[in-house]
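Trainee: Could you walk me through reading a structure, one feature at a time? I would like the general idea and then the case at hand.

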Amino acid sequence: MFYNEEFETLPREALQAMQIKRLQQVLQRVYHTVGHYKKSLDAAGVKPDDIKSLTDLRKLPFMTRSDLQNNYPFGLFAVPMSSVVRLHASAGTSGRSTVFGYTKRDVDTWSELMARSLVAAGLTKNDIVHNAFGYGLFTTGLGMHFGAEKIGASVIPMSGGNSKRQIMILQDFGPTAICCTPSYALHLAEQGGVLGVDMKALKLRVGIFGAEPCSQQVCDEIEKIYGITALNFYGLSEVMGPGIGMECLEGRNGMHIFEDHFLVETIDPQTGEVLPEGAEGELVFTTLTKEAFPLVRYRSGDISRLITDPCRCGRSHIKIERIVKRSDDMLIIRGVNVFPAQVEAVLTDIEGLEPHYQIIVDKSGALDSLELQVEVSEKTFSESGSVKELQNIERRIIKDMKDYLGVSARVKLVEPNTLQHTPGQAAKVIDKRRI
Ligand code: AMP
Ligand code: ZN
């Protein structure tokens, strides 16, 4: 099933002709409207006119998250704010967060790509979609919502949290599809177990999971518990949000990238060298149609492979393999992206702490848990007359972590010089989920 059969099945030659034309248009536009691109292309000695074929793409410089942060909040927008109808942002303190703008047409394109994704999962207007992704500054909740409405499905804008209510609605409203992180699906099943609910007896037929890695084993487990088909979607807010890639019901191996809107490359994360198709590397994206926030050669940090074999669904678009690794130190905690540097920025703003801390990520049941061990300064430690003072610092850390980064952390303050210090590194991350 297709939402836009013509474009989703476009023969590769026609698709590539369209891609190069769109790429040239994007380059002209960003070069002349966004200071950053003029500077970076000039520095690399390339002009938009030099890009005559898709292989010329590799002449262009990469964009990284720091380019986004250095242009915080709106420095990379290619249209005036009067044309921007929506803003989204990643977690982070001022200047460390990244901000994304959308024109009306961008929102329409995004909705269409989410509609394509949901139709690729077998959904129609007859489906009821339980959307348990958070609504707000993060892109996944609203992205899913607009896509589901676009295909005419009935959306339940459930958002995250309130597991008991989620289960009640799953029972009473009879949704046929659920969208959430895979770990949240397992968490709901655990809660269902406590309440004596048989998840298989629900009307759910398909689950659309993403925003964090979903191993084959976890997908299999969800399928077994719920008696549904578990499919993976892919996206990142910098490039658009969800709706960049989707696993199709017929193929069930890898996620199609909607290549009429995005170019995807894999590179060696160390050397930046473009890798041959099929080799494992970091995914790099170029947007071909975005108006407000176009991106050229953005290094996603996600590690995967390109799958070029024809898919039995009939889509001509390339696929990427399931993503379970990153090229950087980004952690995904309950679907929220957290960088140790962002945690450090939160801690640095709080008086009385040493910049030495340890991040311990683990599982508490199906859900991720985060513990922060932070050294207090010698001064605070010797002078703090009361436990109350230390409790205040602890409370402030918990609150700022929630406010700025959107994650709940358990905090343990420790005496100075008790944490292991690695020279040149303020934090040590222990991710027990991988051990
Ligand atoms: P956000 O910008 O908050 O939507 O987060 C995007 C990031 O979430 C991506 O760069 C990936 O690291 C991760 N992500 C999204 N979808 C998936 C997926 N299906 N599998 C693994 N990681 C994913
Ligand atoms: Zn397919």
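Mentor: We will go through domains, sheets, a hairpin, charged pairs and some backbone details. Please keep in mind that this is a predicted model.

Trainee: Let us begin with the overall layout. Into which domains is the protein divided?

Mentor: There is domain 1, covering 70-328, and domain 2, covering 333-431. Taken over C-alpha atoms, their centres are 30 Å apart.

Trainee: And how should I describe the interface between domain 1 and domain 2?

Mentor: The size of an interface is often given as the accessible area lost when the parts come together. Here domain 1 and domain 2 bury about 1,100 Å² between them, and carbon and sulfur atoms give 63% of that area. Ala91, Thr93 and Arg96 together supply 39% of what domain 1 buries against domain 2, more than any other three residues. In terms of contacts, 15 residues of domain 1 meet 16 residues of domain 2.

Trainee: How many salt bridges and polar contacts lie between domain 1 and domain 2?

Mentor: The salt bridge count between the two domains is zero, while three residue pairs are in polar contact across the interface. As for which element takes part, helix H8 gives the largest share of the side of domain 1 that touches domain 2, with five residues.

Trainee: Now the sheets. In what order do the strands of the nine-stranded sheet run?

Mentor: This open sheet reads E4-E3-E5-E6-E7-E8-E9-E14-E13, and its pairing is mixed. Strand E4 (154-156) and strand E13 (306-307) are at the edges with a single partner strand each, so each has one side without a neighbour in the sheet.

Trainee: Which helices should I look at against that sheet?

Mentor: Start with helix H6 (residues 139-150), which packs on the sheet and touches E3, E4, E5, E6, E7 and E8. The direction of H6 makes about 65° with that of E8. Then turn to helix H8 (residues 182-194), which lies across E5 and E6 and runs at about 120° to E5.

Trainee: Could we zoom in on one pair of strands there? How do E8 and E9 pair?

Mentor: Strand E8 (residues 241-247) and strand E9 (residues 255-257) are antiparallel, with three bridges. Within this pair, methionine 246 is opposite histidine 256 in E9.

Trainee: What is the strand order in the four-stranded sheet?

Mentor: That open sheet has the order E10-E11-E12-E15, with antiparallel pairing. At its edges are strand E10 (262-267) and strand E15 (325-326), each with a single partner strand, so one side of each has no neighbour in the sheet. Between E11 and E12 there are four bridges in the antiparallel sense, and valine 284 faces arginine 299 in E12.

Trainee: What should I look for in the hairpin of E18 and E19?

Mentor: Look at the pairing, then at the turn. Strand E18 (residues 353-364) and strand E19 (residues 367-376) pair in the antiparallel sense over nine bridges, with valine 361 opposite leucine 370 in E19. Two residues lie between the strands, and glycine 365 takes a positive phi near 65°.

Trainee: Next, charges. How many salt bridges does the rule count?

Mentor: Side chains of opposite charge can pair when their charged atoms come close. The count in this model comes to 26 salt bridges. One of them joins glutamate 291 and arginine 105, whose closest N and O atoms are 3.4 Å apart. Glutamate 291 is in the loop between E11 and E12, and arginine 105 is in helix H5 (residues 104-120), so the pair ties together parts 186 residues apart in sequence.

Trainee: Last, the backbone. Where is there a cis peptide bond?

Mentor: Tyrosine 72 and proline 73 are joined by one, with omega about -5°. Proline 73 is in the loop between helix H4 (65-70) and strand E1 (84-89).

Trainee: And what is the phi of alanine 211?

Mentor: Alanine 211 has a positive phi of about 75°, although it is not a glycine. You can find alanine 211 in the loop between E6 and helix H9 (216-226).

How values were computed:
Residues numbered from 1 in each chain as written. Chains lettered and ligands numbered in written order. Predicted model: local features only at pLDDT ≥ 70, side-chain atom pairs only at ≥ 80, totals over all residues. Heavy atoms only, no water. Pairing = 2+ DSSP bridges. Contact = heavy atoms within 4.5 Å. Axes fitted to C-alpha atoms, helices over the stretch in contact; angles between N-to-C directions. Domains from an automatic or database assignment. Buried area = accessible area lost by both parts, 1.4 Å probe. Salt bridge = Lys/Arg side-chain N within 4 Å of Asp/Glu carboxyl O. Polar contact = N/O pair within 3.5 Å; in protein donor to acceptor, adjacent residues only side chain to side chain.
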